[in-house]
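Here is a short briefing to read alongside the model.

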Amino acid sequence: MTQKLPKHLNPEIWKAALFIDHAEDKQEAADRIAFLLKKKGDEFMAYTMAILCLPQLMEMVKHTQEYKDHFTNKVTKKYH
């Protein structure tokens, strides 16, 4: 039985993210984004750009009070 992957785990989306990430400069990255947007469409590119933004988003979350509270609770309490 073949298992269907969630859209964000599609290997083509990850390949597109790497294609953009390995651009030599911002202009080349912008050109690659435009190319993929035209070829693959809005939804595909939304997932691709989300993957590229993930490290920055994770860093931003670390600075929220909710994250700090969760980390404090995780260290001071045992989860079952």
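This is a predicted model: local features need pLDDT of at least 70, side-chain atom pairs count only at pLDDT 80 or more; totals for chains, interfaces and linings use all residues.

Residues are numbered from 1 along each chain as its sequence is written, and side-chain values use heavy atoms, with hydrogens and water left out.

**Confidence**

- The protein chain has an average pLDDT of 90 (the predictor's confidence in each residue, from 0 to 100), and 91% of the residues score at least 70.
- Helix H2 has the highest confidence in the chain, with a mean of 98, whereas helix H4 (residues 65–76) has the lowest, with a mean of 82.
- Helices here are DSSP runs of H or I with at least four residues, numbered from the N terminus.

**Helix H3**

- H3 takes in residues 42–62, which makes 21 residues.
- From first C-alpha to last, H3 reaches 29 Å, close to the expected 30 Å (1.5 Å times one less than the number of residues).
- At Leu54, H3 bends by about 50 degrees, the bend being the angle between axes fitted to the seven residues ending there and the seven starting there.

**The buried side of H3 and its partners**

- Phe44, Met45, Thr48 and Ile51 are the buried residues to look for in H3 (buried is under 20% relative accessible area, exposed over 50%, partly exposed in between, with a 1.4 Å probe and protein chains only).
- These buried residues pack against helix H1 (11–21) and helix H2 (26–40).
- Thr48 of H3 counts as buried because its relative accessible area is 0%.
- Beyond its neighbours within four places in sequence, Thr48 is in contact with Ile13, Ala16, Ala17 and Ile20 (contact means heavy atoms within 4.5 Å).
- Thr48 and Ile13 are 35 residues apart in sequence, yet their C-alpha atoms are 5.4 Å apart.
- Ala16, in helix H1, is buried, with a relative accessible area of 5%.
- Leaving aside neighbours within four places, Ala16 is in contact with Leu36, Phe44 and Thr48.
- Leu18, also a residue of H1, is partly exposed because its relative accessibility is 48%.
- Leu18 and Leu52 are 34 residues apart in sequence, with 8.6 Å between their C-alpha atoms.

**Rings and charges**

- Arg32 lies over the face of Phe19, 4.3 Å from the ring centre.
- Lys40 places its charged end over the ring of Phe44, 5.4 Å from the centre.
- For a charge to sit over a ring, NZ of Lys or CZ of Arg must be within 6 Å of the ring centre and within 35 degrees of the ring normal.

Methods: Helices (H or I, at least four residues) and strands (E, at least two) are DSSP runs, numbered from the N terminus.
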